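Here is a short report for someone meeting this structure for the first time. Keep the sequence and the model in view while reading.

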Amino acid sequence: MRVLHVITGLGVGGAEHQLRLVLPRLAADPAVVTLTNPGPVAAAIRAAGFPVHDLGMRGNRDLTAVPRLAAFIRAGRFDVVHTHLYRACVYGRIAARLAGVRAVVATEHSLGDGIIEARPTTAAVRALYLAAERLGRVTVAVSEAVRQRLVAWAVPDRRITVIPNGIDPAELRHDPALRLQTRARLGIPARARVVGGVGRLEPTKRFDVLVRAVAALPDTTLLLAGDGPARARLAALAGELGIADRVAFAGGLPHARAALCAMDVFASPSPQETFGMAVVEALAAGLPVVYVSCPPSKPAPIRRRGACPRRRTRCATRAALARPGGAAPETLAEHDIGRVAGALDQLYARLVRPDRVWSRTT
């Protein structure tokens with residue numbers, strides 16, 4: 001069975017990282033098309049032996065992308081088209097149907113309350129999303145929270161299945177040598193207490209809360225792994241608070257392992273997540289974790305009535321610095337990327353060969 005994965009871009013991000021992890025574990029024969037930005041994740045996918053085609057889309061209104069993508073699908077004789085991220089889900093579903101492929105799957109990675117991929121879910125965004133959704137067969141929600149949001153948007157529940165994101169525990173295993181190397185590269189003392197965060201640096205992630213919290217924690221360094229439009233403002237805030245020398249920016253990384261190894265505590269102040277992959281990865285890396293939102297996990301330690309977000313984060317982080325962390329073995333098994341690949345292979349088989357037995361519960 002030939003499966004084409006269509007994704008908006010292959011820079012650094014959660015959806016991109018998931019695609020890189022799952023491809024080698026699929027029984028189906030996969031290929032990848034990126035509409036734009038064939039970044040470091042594209043290089044990693046190619047290095048693993050999987051073809052990546054760059055469609056070279058010039059912007060959201062580059063309508064030539066549709067016939068070009070349809071021609072690529074037709075020439076590749078793909079049995080299934082699987083789309084990821086908003087723009088790819090819109091253009092990819094249309095192109096797949098034009099190419100005569102009816103087995104069209106879309107994974108919803110980023111639908112929050114009032115936002116999708118850090119952009120407001122306006123009436124126009126929602127209308128286009130729903131129009132494209134009708135051209136597919138199944139929408140995969142990465143968490144129960146995302147499924148509920150899709151239903152609230154009027155996506156029929158029968159067309160949704162929940163397949164949680166996965167991790168590769170072996171990729172996240174702590175490495176003392178890598179810890180020292182990463183700290184040295186970023187100018188962090190070997191014995192410093194390090195609180196870290198991972199993710200795209202944008203206002204909705206609320207990394208400013210971490211900067212303010214660390215300012216009140218003496219002898220503590222903040223390590224932020226990721227890049228985005230809020231980086232300059234975060235750096236300026238650190239300067240205003242007099243802790244510029246205690247905030248390190250690792251930049252966009254194809255994989256977060258090096259940054260996680262350098263941390264003593266992981267903190268995620270984002271008020272809403274579709275899954276919270278960074279939290280699960282930090283647990284797998286053996287770190288104590290404080291967070292606000294992580295749909296697959298139980299309510300988080302950053303909770304305290306009557307206290308401001310900065311104070312709650314500071315208190316929770318101080319407590320986490322004093323205790324061991326890490327995920328339980330059953331948590332790692334539950335989120336193993338092999339289970340994700342198995343669930344996707346079953347889904348593809350159900351769409352291409354409807355007589356095959358398939359369970360909706362994953």
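Val3 has Pro30 as its bridge partner in E2. This is a predicted model, where local features need pLDDT of at least 70 and side-chain atom pairs count only at pLDDT 80 or more, while totals for chains, interfaces and linings use all residues. Residues are numbered from 1 along each chain as its sequence is written, and side-chain values use heavy atoms, leaving out hydrogens and water.

Strand E1 spans residues 2-7 and runs parallel to E2, with 6 bridges between them. Two strands pair if DSSP finds at least two bridges between them. Helices (H or I, at least four residues) and strands (E, at least two) are DSSP runs, numbered from the N terminus. Buried means under 20% relative accessible area, exposed means over 50%, and partly exposed lies in between (1.4 Å probe, protein chains only).

E2 also runs parallel to strand E3, residues 52-54, through 3 bridges. Thr34 has Asp54 as its bridge partner in E3. Helix H1, residues 14-22, forms a right-handed β-α-β unit with E1 and E2. A crossover is right-handed if, with the strands pointing away from the viewer, the path from the first strand over the helix to the second runs clockwise.

## The whole chain

The protein chain has 15 helices and 14 strands. Of its 362 residues, 52% are buried. The chain exposes about 15800 Å², and carbon and sulfur atoms supply 53% of that area. Accessible areas come from the Shrake-Rupley method with a 1.4 Å probe; for residues, only the protein chains shown count as cover.

Contacts also reach along the sequence. Take those between residues at least 6 apart: 68% of them join residues at least 24 apart. Contact means heavy atoms within 4.5 Å.

## Arg20 in helix H1

Is Arg20 buried or exposed? Arg20 is buried, with a relative accessible area of 18%. This residue lies in helix H1. Leaving out residues up to four places away in sequence, Arg20 touches Val41, Ala44, Ile45, Glu171 and His255.

The side chains of Arg20 and Glu171 make a polar contact of 2.9 Å. A polar contact is a pair of N or O atoms within 3.5 Å; within protein, one must be able to donate a hydrogen and the other to accept it, and residues adjacent in sequence count only if both atoms are side-chain atoms. Ala48 is 28 residues from Arg20 along the chain, and their C-alpha atoms are separated by 8.7 Å.

## Helix H8

Helix H8 runs over residues 176-186, with Leu178, Arg179, Thr182, Arg183 and Leu186 buried. These residues cover an arc of only 130° around the axis, which puts them on the same side of H8. The arc is that of the directions from the helix axis to the C-beta atoms. The face turned away from this buried side carries the exposed residues Pro176, Gln181, Ala184 and Arg185.

What do the buried residues of H8 pack against? Their partners are strands E10 (193-198), E11 (220-225) and E12 (247-251), and helix H11 (257-262). At the start of H8, a side-chain oxygen of Asp175 comes within 2.9 Å of the backbone nitrogen of Ala177. Gly187 follows H8 and has a positive phi, near 75°.

## Strand E12

In E12, 5 of the 5 residues are buried, so E12 is largely enclosed by the rest of the structure. Val247, Phe249 and Gly251 are buried on one side, and Ala248 and Ala250 are buried on the other. In a regular strand the side chains alternate between the two faces of the sheet.

E11 and E12 are parallel and share 4 bridges. Ala225 stands opposite Gly251 in E12. From E11 the chain passes through helix H10, residues 231-240, to E12 in a right-handed β-α-β crossover.

## Two positive phi values

Most residues other than glycine have a negative phi. Ala154 has a positive phi, near 80°. Ala154 sits in the loop between helix H6 (144-152) and strand E9 (160-162), and is exposed at 57% relative accessible area.

Asp219 also has a positive phi, about 60°. Its place is in the loop between helix H9 (207-215) and E11. Asp219 is exposed, with a relative accessible area of 67%.
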